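Please look over the chain below, from its overall shape down to single residues.

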Amino acid sequence: MHLYKPTENDYAELTRLWEASVRATHAFLSDADIVEIRGQLGGYFGGVELLALKGGDGRIAAFMGTDGNKLEMLFVHPDFFRQGLGKQLLNHAICELGVTGVDVNEDNPGAAEFYRRCGFVENGRDELDSAGRPFPILHLRLPINDGRPELFAASECNIWRDPYIQEQMLKCHLDPDSDAASRSPASIGRTIEFIAGEAGHRLLDLGCGPGLYTERLAAKGYQVTGIDFNRKAIEYAEKHSAGGVTYLHGDYIKSFPAGEFDSIIMIYCDMGTHSPASRDQLLRHCHRALAPGGKLIFDVFGTGITRDKHEGKSWSHSAGADFWAESEYLLLQQTFHYPAERVYAYQYNLIQQGRTKHFIVWEQYYTEEAITEVLRNAGFRQVTIRRDILEGNNFTSNAEMFIVAVK
């Protein structure tokens, strides 16, 4: 089957397909109803964007019509029922055409159930159809949050705490060919050398993941503590540790590790994922935990990230068993930019098995002057900024700044 855009020359075939499908599924329609609606189809076809699936024999097996973000019609010939053609067209309508709503006859429970299985939920009901006939209509929509979120609003779901995504994040951390969760081994090595040139003996790693930095630093003789709220990553780190590292599972803002440290590190721009209030709370924790002359070493994105990140919206369909879910899903990804506040929001709506998970990841970027002011307000007396530590990144941006703040 291949996608095909019908023309007026195909209306007769579409009408025959429509009637065959309706007679097989719309038992509530009388012959007179079918004849009446059939006579109006030409006008309906002309008022929507038509798309069909055509077989190698040239026969149209299924078609749909869309108008903006609404699916106005979708019909499959009975010869092709239960072969996934309706779902194929619907996924295309959502992912490529931005469809988020559909109306369905209440008296056609099979169709209503089909859309519900694909993630749609009821959003309203009319007693009469659009022509005033006594056929109740259900208004269905995808339950997504696709508006521009309020600055640093929390989402219903947390990408860092989702059990399945935690497992996938661990795989990304351990993938040497990807910068998705941790930087490449070469970049980690350069970062370790930079840290080793600055850090004191007692070292705390905030957001340590599976121990890619902590283990190397421990091997250099540092007394290291690592904390992360990804339980899977901490379990991996503990299992594979060569010793000399204390690993903690927890939220480093709500449950900051006790003790005094000579250095605290926070690598891969995690600082930018926190709201200003949470960031300032974290900085107070760090300042209090550092010994006199101790150093906070971290990285953030600079304004150059705006060359790499742009507002946008895209849908995708997956059979599953990948980063987002273990089974089939639809994913809406959106990027929003708040230039006055120097913030990006990455919003995700994951639709799977009739349920939607909503995630937002925030990313604040800084000018040198702005991050220096934030650190001085937190009590740090000396701030040094480096832009020459790393050479490239294949996942996000090369615009990072490495910061050393001295208590």
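This is a predicted model: local features need pLDDT of at least 70, side-chain atom pairs count only at pLDDT 80 or more; totals for chains, interfaces and linings use all residues.

Residues are numbered from 1 along each chain as its sequence is written, and side-chain values use heavy atoms, with hydrogens and water left out.

Start with the whole chain. It holds eleven helices and 18 strands. Helices (H or I, at least four residues) and strands (E, at least two) are DSSP runs, numbered from the N terminus. The radius of gyration is 28 Å, well over the 22 Å from the globule rule for 407 residues, so the chain is more spread out than a compact globule. That radius is taken over C-alpha atoms, and the rule is 2.2 Å times the number of residues to the power 0.38. Along the principal axes, the C-alpha atoms fill a box of roughly 90 × 40 × 35 Å. Buried residues make up 54% of the 407. Buried means under 20% relative accessible area, exposed over 50%, and partly exposed in between (1.4 Å probe, protein chains only). Of the contacts (heavy atoms within 4.5 Å) with a separation of 6 or more, 63% join residues 24 or more positions apart.

Now the second largest pocket. Its volume is about 1,400 Å³. A pocket here is an open set of points on a 1 Å grid over the protein atoms alone, where a 1.4 Å probe fits, with protein on both sides within 12 Å along at least five of seven lines; lining residues have an atom within 4 Å of a point. Grid points are joined across faces, edges and corners, and the volume is the space filled by probe spheres set on the points. Among the elements giving two or more residues to the lining are α1 (11-25), α4 (85-97) and α5 (109-117). Strand β4 gives the largest share, seven residues. By class, the lining has 26 nonpolar, eleven polar and nine charged residues. Ala, Val, Leu, Ile, Met, Phe, Trp, Tyr, Cys and Pro count as nonpolar, Asp, Glu, Lys and Arg as charged, and the others, Gly among them, as polar.

Tyr-115 sits in helix α5. Tyr-115 is buried, at 6% relative accessible area. Beyond four places in sequence, Tyr-115 touches Leu-71, Leu-74, Leu-90, Val-102, Val-104, Phe-120 and Leu-140.

The loop between β4 and α4 holds His-77. His-77 is buried too, at 16%. Leaving aside neighbours within four places, its contacts are Leu-17, Ala-20, Arg-59 and Ala-61.

Next, helix α7, residues 185-196. It has twelve residues and spans 16 Å from first C-alpha to last, close to the 16 Å expected. The expected span is 1.5 Å times one less than the number of residues. Its buried residues are Ser-187, Ile-188, Gly-189, Thr-191, Ile-192, Phe-194 and Ile-195. Their cover includes β8 (202-206), α8 (214-219) and β12 (290-302).

Last, two loop residues. Phe-152 has a positive phi of about 60° although it is not a glycine. Phe-152 lies between β7 and α6, and counts as buried at 19%. Ala-321 also has a positive phi of about 60° without being a glycine. Ala-321 lies between β13 and β14, and is exposed at 64%.
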